[in-house]
Amino acid sequence: NDVIDIQIENAPELSRSFRVTASGTFLMPYNGRVTALGKTPEELAQFITDGLRGDYLRDPKVTVAVKEYNSRSFFIQGAVRSPGVFQIEGKPSLLELIALAGGLAENHGSTAYIIHKLKQPGTSAGEQKDTSAATVTKVADTGAESDDSPRYELRSMNINGLLKGRFDQDTFIEPGDIVNIPPSDVFFVAGEVNK
């Protein structure tokens, strides 16, 4: 679902933006179905150049730029100053994503929950050990019996420890992950007390 901008020198009729399909391809005039999945913009430009050379253009000059990183969406909600969807190139850490969201709100809780949709539904339900930090992750079964039902993994990280320098509580966030930072619990004390 990324949008790429292809500019071809001396061929304005071919220069335009294309949206990459879920299968990682797009349809381009004179080149047909082009696979963008797994290629850098430079590799894709070279592939398009080779496809246009000879039959259509003598020495094409092709540049490719990514306009929208829709496949690189990261979600953060809860007790942060600017919750929402962030499109980021690369692989941010939890701390970087919190910083992009404007930092923590004053009422933030002590735990961040990271909900990750598993790509392969064949993973067995139960508990798994997270290798990136000392937290236990749970693989949630949706209860449906079909193999194509979505399955999720839940990880928890101690934000208070992270902010105090315990960087083992930081973890990399995958595209499509949802980070939820619930607000802290509020307790009310009533009756015969001083405050």
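**A walk through the charges and rings**

Start at K39, whose charged end sits over the ring of F47, 4.9 Å from its centre (NZ of Lys or CZ of Arg within 6 Å of the ring centre and within 35 degrees of the ring normal). Bear in mind that this is a predicted model, where local features need pLDDT of at least 70, side-chain atom pairs count only at pLDDT 80 or more, and totals for chains, interfaces and linings use all residues. Residues are numbered from 1 along each chain as its sequence is written, and side-chain values use heavy atoms, leaving out hydrogens and water.

Now for the salt bridges: there are six, counted when a side-chain nitrogen of Lys or Arg is within 4 Å of a carboxyl oxygen of Asp or Glu. E174 and K91 meet in one of them, at 2.8 Å from N to O. That pair links distant parts of the chain, 83 residues apart: E174 is in the loop between helix 3 (159-163) and strand 12 (178-181), K91 in the loop between strand 7 (84-87) and helix 2 (94-100). Helices (H or I, at least four residues) and strands (E, at least two) are DSSP runs, numbered from the N terminus.

How exposed are these two? E174 is partly exposed at 28% relative accessible area, and K91 is partly exposed at 43% (buried is under 20%, exposed over 50%, partly exposed in between, with a 1.4 Å probe and protein chains only).

R155 also forms a salt bridge, with D177, the closest N and O atoms being 3.8 Å apart. Both R155 and D177 are buried. Elsewhere, salt bridges that share partners join D50, R53, D59 and K61 into one network.
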